[in-house]
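Colleague: I'm new to this one. Could you show it to me and let me ask how you know what you say about it?

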Amino acid sequence: MNLPNRLSLVRICLVPLIVLIYLFPYAQFGIEVAELQFDFVALRITNIIVLILFILASVTDFLDGYIARKHSLITSFGKFVDPIADKLLVNTMFILFAASGTVPVLPVLIMIWRDTIVDGLRMNASEKGIVVAAGYMGKVKTVAQMMTIIVLLLNNLPFELARFPMGEWLLWFSMCVSVISGISYFMQLKDVIMETM
């Protein structure tokens, strides 16, 4: 197995670790989670650990693609596992936020629906030999989602000190860009989808 594929697998393995750290019932085991205090905003140490793991996983996402392209290490397995690793990481984080009440459920549902529909469209297209590269809006969506996750893990710091809900704004922005990029994929592939109706 080549290095890019190993990095993708590392990213997948980090996901359950992130879930464990985020959801572990520390209080039930008598563990007091330390907090850092920034004026009136408290930031749990567990959030910082999850943030470090998320950034590490995001770096592997950049590296595996860069290494695969630079050294011609693109494989069928890599094409299969890389997008799965990406969606597992990002969607898991949003589900954790929704489950803990940090964010509303609706935008998370819409983003996951979009991913499911786009994956179906791309799968259908690939069966017909059509490869759809990630578009500009898809890349904006990815960056927006990652920025949203980072800000939410930081409890909206430093914006919270100015009482500005940046995390919430980024969440809704990510949802809007996600929908727009999903529509873009559909428009590119609508002829392929409609031909069998």
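Modeller: Below we go through some terms one by one, with the values behind them.

Modeller: This is a predicted model, where local features need pLDDT of at least 70, side-chain atom pairs count only at pLDDT 80 or more, and totals for chains, interfaces and linings use all residues. Residues are numbered from 1 along each chain as its sequence is written, and side-chain values use heavy atoms, with hydrogens and water left out.

Colleague: Why is Asp64 called buried?

Modeller: Buried means under 20% relative accessible area, exposed means over 50%, and partly exposed is in between (1.4 Å probe, protein chains only). Asp64 has 4% relative accessibility, so it counts as buried. Asp64 sits in helix H2; helices are DSSP runs of H or I with at least four residues, strands are E runs with at least two, and both are numbered from the N terminus.

Colleague: What makes Asp64 and Arg11 a salt bridge?

Modeller: The rule asks for a side-chain nitrogen of Lys or Arg within 4 Å of a carboxyl oxygen of Asp or Glu. For Asp64 and Arg11 the N to O distance is 2.9 Å, and they meet in a salt bridge. Asp64 is in helix H2 and Arg11 in helix H1, so the pair ties together parts that are 53 residues apart in sequence. Arg11 has 0% relative accessibility, so Arg11 counts as buried too.

Colleague: Which salt bridge joins Arg11 to Asp86, and how do you know?

Modeller: Their side chains meet at 2.8 Å, N to O. Arg11 belongs to helix H1 and Asp86 to helix H3, so this pair ties together parts that are 75 residues apart in sequence.

Colleague: What about Asp119 and Lys87, what makes them a salt bridge?

Modeller: Their closest N and O atoms are 3.5 Å apart, and the limit is the one already given. Asp119 lies in helix H4 and Lys87 in helix H3, so they tie together parts that are 32 residues apart in sequence. With a relative accessible area of 29%, Asp119 is partly exposed, and Lys87, at 21%, is partly exposed as well. As for the network, salt bridges that share partners join Arg11, Asp61, Asp64, Asp82 and Asp86. By this rule the count comes to seven salt bridges.

Colleague: What makes the link between Asp64 and Ser8 a polar contact?

Modeller: A polar contact is a pair of N or O atoms within 3.5 Å; within protein, one must be able to donate a hydrogen and the other to accept it, and residues adjacent in sequence count only if both atoms are side-chain atoms. The side chains of Asp64 and Ser8 make one at 2.8 Å.

Colleague: Which residues form the nonpolar core, and why is it called that?

Modeller: A nonpolar core is a set of buried Ala, Val, Leu, Ile, Met, Phe, Trp, Tyr and Cys residues joined through side-chain atoms within 4.5 Å. The largest one has 28 residues, and Met93, Phe94, Phe97, Ile149 and Leu153 touch the most other members. Its largest share, seven residues, comes from H3. Take Met93: leaving out residues up to four places away in sequence, Met93 touches Ile18, Val50, Phe54, Ile149 and Leu153, where contact means heavy atoms within 4.5 Å. Another core, of five residues, lies apart from it, with Val118, Leu121, Ala125 and Leu189 among them.

Colleague: What makes Leu36, Phe38, Phe40, Ile45, Ile49 and Leu161 a nonpolar surface patch?

Modeller: Patches are made of residues with over 30% relative accessible area and no salt bridge; like charges are joined within 9 Å, nonpolar side chains (Val, Leu, Ile, Met, Phe, Trp, Tyr) within 5 Å. Leu36, in strand E1, has a relative accessible area of 35% and is partly exposed. Phe40 is partly exposed, also with 35%, and sits in the loop between E1 and E2. The patch comes to about 450 Å², with accessible areas from the Shrake-Rupley method with a 1.4 Å probe, only the protein chains shown counting as cover for residues.

Colleague: How do you know that Asp39 is exposed?

Modeller: Its relative accessible area is 63%, so Asp39 is exposed. Asp39 also has a positive phi of about 55° although it is not a glycine.

Colleague: And where is the cis peptide bond?

Modeller: The cis bond joins Leu157 and Pro158, with omega about 0°. Pro158 is found in the loop between H5 and H6.
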